[in-house]
Protein chains: 2
Amino acid sequence: MYTRPIMEINLTTICENYTFIKNHIHPITATCVLKNNAYGLGIEQIGRALYDHGCHTFFVAYGCEGQQLKQVAPNSCIYVLQGFGEEERSFFQQADLIPVLPTQLAIDNWFKNPANMQHPAIQVETGLHRLGLDLNEAKQIAHLPVSLILSHLACADECQHYLNEKQKNTLLQFKSVFPNTPFSLSASDGVFLGRDFHFDMVRLGAALYGINTTPYEEKKVKNCVKITAPILQIKTVQAGETVGYSATYTVKRPTKIATVSIGYADGIFRNFQENGALRIQAEHTIFKAPVIGRVSMDNIMCDVSNIPENILNNTQYMTLIDDFYDLDAFGADCKTIGYEVLNNLGHASRYERRYIK
Amino acid sequence: MYTRPIMEINLTTICENYTFIKNHIHPITATCVLKNNAYGLGIEQIGRALYDHGCHTFFVAYGCEGQQLKQVAPNSCIYVLQGFGEEERSFFQQADLIPVLPTQLAIDNWFKNPANMQHPAIQVETGLHRLGLDLNEAKQIAHLPVSLILSHLACADECQHYLNEKQKNTLLQFKSVFPNTPFSLSASDGVFLGRDFHFDMVRLGAALYGINTTPYEEKKVKNCVKITAPILQIKTVQAGETVGYSATYTVKRPTKIATVSIGYADGIFRNFQENGALRIQAEHTIFKAPVIGRVSMDNIMCDVSNIPENILNNTQYMTLIDDFYDLDAFGADCKTIGYEVLNNLGHASRYERRYIK
């Protein structure tokens, strides 16, 4: 008998996703985005795997993440997307991190009192209206040593969106200001918009982890996450009884339910209860058990009445996420996107994590 | 200049919430539920604070959590709500944890090959239909040494709900089976249903952390969490331009926006964008800056056009959560409950965490 849910993370698949895109954009540099603990999946394990696989340029969001990464990816070049914060000075010093600076003030601060000898990257505004200097501001700092000019697309997951062209053309205007500096525009979703979106470097985050960044056509990368959770109890509930918090679900006929050891504390969104199901794969068939009642903090109840007894008796774990029902599908059933569900699942602290090589 | 968001966790407030309920239920035992890393807020810090404050009985969900807790709360009695899993045997051994067992099979397993000398707790089914033995099953194990009989209310946050009485009366039927064993029914939300819901022990989770467990009347506990995040850039966006991913927000008139360094990677739900605002408190006034465009992984953009320039110029951090806009309010704006948002915020790895005593 077991109680903890299991998260399997396939490092080989992550490296295959990397290689697939690297080959697609060849000879442009493919870098990896490992911010937020590699989207929650483990910056040390994934950083080491990608480093060993040949990636030596990374992006993280904060200095604390960069310092962790540097320990498994020595001699690599690590950019910090949220820029340089004074509270992170020691991380920048220890790991020789490169800040991505978004404002004149941030640039002034860096050059007045840099944390290391790295030339910063500069973020420029091309239409996302999030972070970055506009063209006039960029001209003011054109004389400074800069390692990379970076911008970010707003609508790259819609290949026909007018903003894609507009942002690319706006970025090209910065070429006259920084004629000898490498440029980067695209993240995972920009990769498939065509060569002229690649500039000198693309930054691969979501696609590494198997999230579909080309929803307008067939998915190009492979799922790398599997989540299963043990059944703690199977019981029959009589008609008229209710299941779960707030008694939102009333049983219509005698119903066999399984209580599974996973809940919203493990990053399963509470609103998964509206569309969600857990699954058992056996004898080449996938049996679905719809979630009934509310997802609670540690448990989910599901209706297993339609699963043959011999199969149920031989089942210890039910499946939440796998290649047949991936992060994108789970995200849609939680009324959000694969990116958000991955971050939430990845953060959760109680999974028994297994890294597959 | 700073870049990382900050989470302040007030340990004194948590202890005050504990004392308030402890006094309310006196002389019944008040225990603390620290599962899921104390709802993400830090099992070591909160466990130590509550232990020093006089709490010596705790509940966690898994053995791994119990073992962590034991290190800061020695000589305490720690129950493991999800029961005993073979994969957690070493934790149960090292920390002398007490499993809460929900099935005959789990009870058989424990007594055949126990991980320690503790008498297990038994979970019984009274109407939540999640985990636990029914009355007939309980009679089968009445001869075994048991330390606690536990059940859980489904609708305790609705003080008039018919299930409350029904569950309490169902639990009373188990008294004849286990006449000399302590009983526990209520968690935080059962505390205020009246003396006859307290039995021998109540289990305080959500209320400790300032979540409102009496939505039918005035909130009785105090908020213990404050979240602030630094402004990375302020810029003016022209009419007709869009802000954020998928260009969902179009600016109608020249608008001053602030880009704040916090996002869904930090547990801010993406759907906060629909109702959410960030705030600045200055000169005894709270200024609200509505979220515009999509919440992204690391950043939120908000409209600061209506905030006076002198105040904006003196502001480095904006506020997400505090005593004036607490976890329940945030949960409602994310279309869920305070419990879920707390777990998600608490898991997030990039906050600079400050424990206030």
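## A walk through a predicted two-chain model

Of the 357 residues of chain A, 63% count as buried, where buried means under 20% relative accessible area, exposed means over 50% and partly exposed is in between, using a 1.4 Å probe and protein chains only. This is a predicted model, in which local features need pLDDT of at least 70 and side-chain atom pairs count only at pLDDT 80 or more, while totals for chains, interfaces and linings use all residues. Residues are numbered from 1 along each chain as its sequence is written, chains are lettered from A and ligands numbered from 1 in the order in which they are written, and side-chain values use heavy atoms, with hydrogens and water left out.

Let's start with chain A as a whole. Chain A has 11 helices and 18 strands; helices (H or I, at least four residues) and strands (E, at least two) are DSSP runs, numbered from the N terminus. Taken along the principal axes, the C-alpha atoms of chain A fill a box of roughly 75 × 45 × 40 Å. If you take the contacts in chain A between residues at least 6 apart in sequence, 65% of them join residues at least 24 apart. Contact here means heavy atoms within 4.5 Å.

### Helix 1 meets helix 3

At what angle do helix 1 and helix 3 of chain A pack? The angle is about 50 degrees, and the axes are 10 Å apart. The axes are lines fitted to C-alpha atoms, for helices over the stretch in contact, and angles run from 0 to 180 degrees between N-to-C directions. Helix 1 and helix 3 of chain A are therefore oblique to each other. For the cut-offs, under 35 degrees counts as roughly parallel, over 145 as roughly antiparallel, 65 to 115 as roughly perpendicular, and the rest as oblique.

The crossing of these two helices of chain A is right-handed. A crossing gets that name if the near helix is turned clockwise from the far one by less than a right angle, and is left-handed if anticlockwise. Who does the touching? Leu11(A), Ile14(A), Cys15(A) and Tyr18(A) of helix 1 meet Gln45(A), Ile46(A), Ala49(A) and Leu50(A) of helix 3. Sort the residues of this contact and you get seven nonpolar, one polar and no charged. In that sorting, Ala, Val, Leu, Ile, Met, Phe, Trp, Tyr, Cys and Pro count as nonpolar, Asp, Glu, Lys and Arg as charged, and the others, Gly among them, as polar.

Stay with helix 3 of chain A for a moment. Its buried residues are Ile43(A), Ile46(A), Gly47(A), Ala49(A), Leu50(A) and Tyr51(A). They pack against strand 1 (6-10), helix 1, strand 2, helix 2 (35-39), strand 3 (57-60) and helix 4 (63-72) of chain A. After helix 3 of chain A comes Gly54(A), with a positive phi near 115 degrees.

Over in chain B, helix 1 (residues 11-25) and helix 3 (residues 43-52) pack at about 50 degrees with axes 10 Å apart, and they cross in a right-handed way.

### The nonpolar core

The largest nonpolar core has 231 residues, and Leu50(A), Tyr209(A), Leu34(B), Leu50(B) and Tyr209(B) touch the most other members. Such a core is a set of buried Ala, Val, Leu, Ile, Met, Phe, Trp, Tyr and Cys residues joined through side-chain atoms within 4.5 Å. Leaving aside neighbours within four places in sequence, Leu34(B) is in contact with residues including Ile43(B), Leu50(B), Phe58(B), Leu69(B) and Tyr209(B).

Most residues other than glycine have a negative phi, and most peptide bonds are trans. Here are some exceptions.

| Item | Value | Loop |
|---|---|---|
| His26(A) to Pro27(A), cis | omega near 10 degrees | Pro27(A): between helix 1 (11-25) and strand 2 (29-33) of chain A |
| His26(B) to Pro27(B), cis | omega about 10 degrees | Pro27(B): between helix 1 and strand 2 (29-33) of chain B |

Are Phe199(A) and Ser246(A) buried or exposed? Phe199(A) is buried, with a relative accessible area of 14%, and Ser246(A) is buried at 16%.

### An enclosed helix

Nine of the 10 residues of helix 11 (residues 338-347) of chain B are buried, so this helix is largely enclosed by the rest of the structure. One of its residues is Asn344(B), which counts as buried at 3% relative accessibility. Not counting residues up to four places away in sequence, Asn344(B) touches Tyr264(A), Asn344(A), Gly267(B) and Phe269(B).
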